[in-house]
Amino acid sequence: RQRCRVSLGKGLAILQQLREGNAVYFVDADVFFFQHPYESLSVSNPNLDLYVHSDGMQGKGANFGGILAYPSQFTLALFEHIDMTFRKTFEWDQKIFNDWLMEGKNALDRDFVCGDPFDYEYLDVMSHSQTNFCRSILLDVDLTDIDAKTVHATCVEGSSTKRYSLLSIWGSPVKDYYTSKKTVGVEGFQGRTREEWSGVAGSKEAVDSWMRPLAYIALVTQRAIRLDVPVDTMGRNFFHHSQPYRIVSADNLSNLNISVVEPAYWERALTTDGRVPVVKTLNDFDAGRPMTIAELVANINAPGSDTDEITFSLDELMAFNTNWVNFPTYPRSFACAHVGETPEPPCLKVCDGDHF
């Protein structure tokens with residue numbers, strides 16, 4: 001039912017603007033802009049009436065989540081057909097869209113554009129990409145090498161998980177993002193064997209053993225969480241189990257008013273704004289008597305503290321988790337519902353598995 005409302009509203013909104021004589025650049029809510037929406041557009045033929053995001057290899061179908069349409073007989077006929085057909089059949093709007101572009105338009109006895117009546121253009125799949133391409137045309141591509149203009153986070157469930165995954169790969173184009181945050185970080189992921197990795201990030205219980213105290217500290221100190229996972233392969237395997245957005249649920253954390261930043265946040269803060277973080281590492285900080293969680297928070301929030309990141313080791317956090325009495329209860333695990341799993345095509349198994 002939700003999908004029906006979205007599909008009906010999308011096609012109708014575009015059609016109404018075209019009828020008013022307005023050009024429309026429509027994108028789904030999970031299309032992220034890394035450059036200026038209009039200035040970054042680059043097309044081969046600037047004289048056409050329709051430009052679309054590809055759903056795969058060029059010429060293999062359009063994705064209905066990215067459309068630039070100029071008012072013309074061609075585009076009006078297309079969106080009138082989508083609106084009329086959807087109301088009758090409730091068929092997937094993207095299928096109606098592609099069926100008409102590939103076949104249905106040829107049955108119409110209209111000369112839309114002089115010389116080339118049905119022409120439209122796919123935007124470049126590298127500059128205007130989508131995460132689902134990581135299973136096909138981008139499988140062997142290091143995503144960090146791509147000059148991304150827009151990225152459609154299709155087949156990634158949850159708005160915060162979508163954002164977290166793209167931040168992890170490309171960072172944020174908003175300069176203020178790298179000047180405004182303080183973090184609590186966790187290190188100790190580097191250099192672990194597969195068996196050791198499973199012990200800290202292979203199950204919900206393993207993740208919660210260090211995330212419960214970390215999430216509490218982040219919440220009461222109003223700091224963002226940064227997982228210091230390996231970043232050298234960040235752009236090479238989008239669905240790998242070691243990706244941070246496949247370990248912790250950014251959407252669950254967001255519901256608790258806890259934010260996350262990408263592993264390379266401080267490296268990017270340095271290159272973007274010259275911000276050199278003041279880091280305080282808390283490992284075995286009191287050998288005689290372990291500090292309580294309340295004392296720790298008071299220490300972090302001490303007046304005059306200019307520390308940008310408080311860093312913990314996994315072992316330290318797991319010790320907190322084991323020894324902490326009167327632990328607050330949370331409605332669910334901090335781990336992704338599908339933590340440790342290999343997601344199967346086509347999508348929606350990156351973290352929690354729910355689209356809406």
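Modeller: Start with β8 and strand β12 (residues 309–313), which pair in the parallel sense over five bridges. Two strands count as paired if DSSP finds at least two bridges between them. Helices (H or I, at least four residues) and strands (E, at least two) are DSSP runs, numbered from the N terminus. This is a predicted model, where local features need pLDDT of at least 70, side-chain atom pairs count only at pLDDT 80 or more, and totals for chains, interfaces and linings use all residues. Residues are numbered from 1 along each chain as its sequence is written, and side-chain values use heavy atoms, with hydrogens and water left out.

Colleague: Which residue is the bridge partner of V186 in β12?

Modeller: F312 is the bridge partner of V186. On its other pairing, β8 is joined to β9 by four bridges, and these two strands run parallel. There, T183 stands opposite A224 in β9.

Colleague: What is the order of the five strands in this open sheet?

Modeller: The order is β10-β9-β8-β12-β11, with parallel pairing. The edge strands are β10 (260–261) and β11 (279–282), each pairing on one side only. Strand β9 (residues 224–227) pairs with β10 in the parallel sense over two bridges. R226 stands opposite V261 in that pair.

Colleague: How much of the protein is buried?

Modeller: Of its 356 residues, 50% count as buried. The accessible surface comes to about 17,200 Å², and 50% of that belongs to carbon and sulfur atoms. Those areas come from the Shrake-Rupley method with a 1.4 Å probe; for residues, only the protein chains shown count as cover. The secondary structure comes to 10 helices and 12 strands.

Colleague: On to the four-strand sheet. How does its pairing read?

Modeller: The pairing is mixed, in an open sheet ordered β1-β4-β3-β5. β1 (24–27) and β5 (121–122) stand at the edges with a single partner strand each, so one side of each has no neighbour in the sheet. Strand β3 (residues 50–54) pairs with β5 in the parallel sense over two bridges. V52 stands opposite Y122 in β5.

Colleague: Which strands does helix α2 touch as it packs on the sheet?

Modeller: Contact means heavy atoms within 4.5 Å. Axes are lines fitted to C-alpha atoms, for helices over the stretch in contact, and angles run from 0 to 180 degrees between N-to-C directions. Helix α2 (residues 73–89) touches β3 and β4 (62–69), and its direction makes about 140 degrees with that of β4. Helix α3 (residues 93–102) also packs on the sheet, touching β3, β4 and β5, at about 65 degrees to β4.

Colleague: How many disulfides are there?

Modeller: A disulfide is a covalent bond between the sulfur atoms of two cysteines. The rule here is a pair of cysteine sulfur atoms within 2.5 Å. The count comes to one. C336 and C351 form it, with their sulfur atoms 2.1 Å apart. The torsion about the S-S bond is about -95 degrees, so the disulfide is left-handed. Both C336 and C351 are buried.

Colleague: Where is H338, and which residues does it touch?

Modeller: H338 is found in the segment after α10 (314–323). Not counting residues up to four places away in sequence, H338 touches R246, K349, C351, D352 and G353. H338 counts as buried because its relative accessibility is 14%.

Colleague: What does the side chain of H338 make a polar contact with?

Modeller: A polar contact is a pair of N or O atoms within 3.5 Å; within protein, one must be able to donate a hydrogen and the other to accept it, and residues adjacent in sequence count only if both atoms are side-chain atoms. For H338, the partner is the side chain of E341 (2.9 Å).

Note on methods
Buried means under 20% relative accessible area, exposed over 50%, partly exposed in between (1.4 Å probe, protein chains only).
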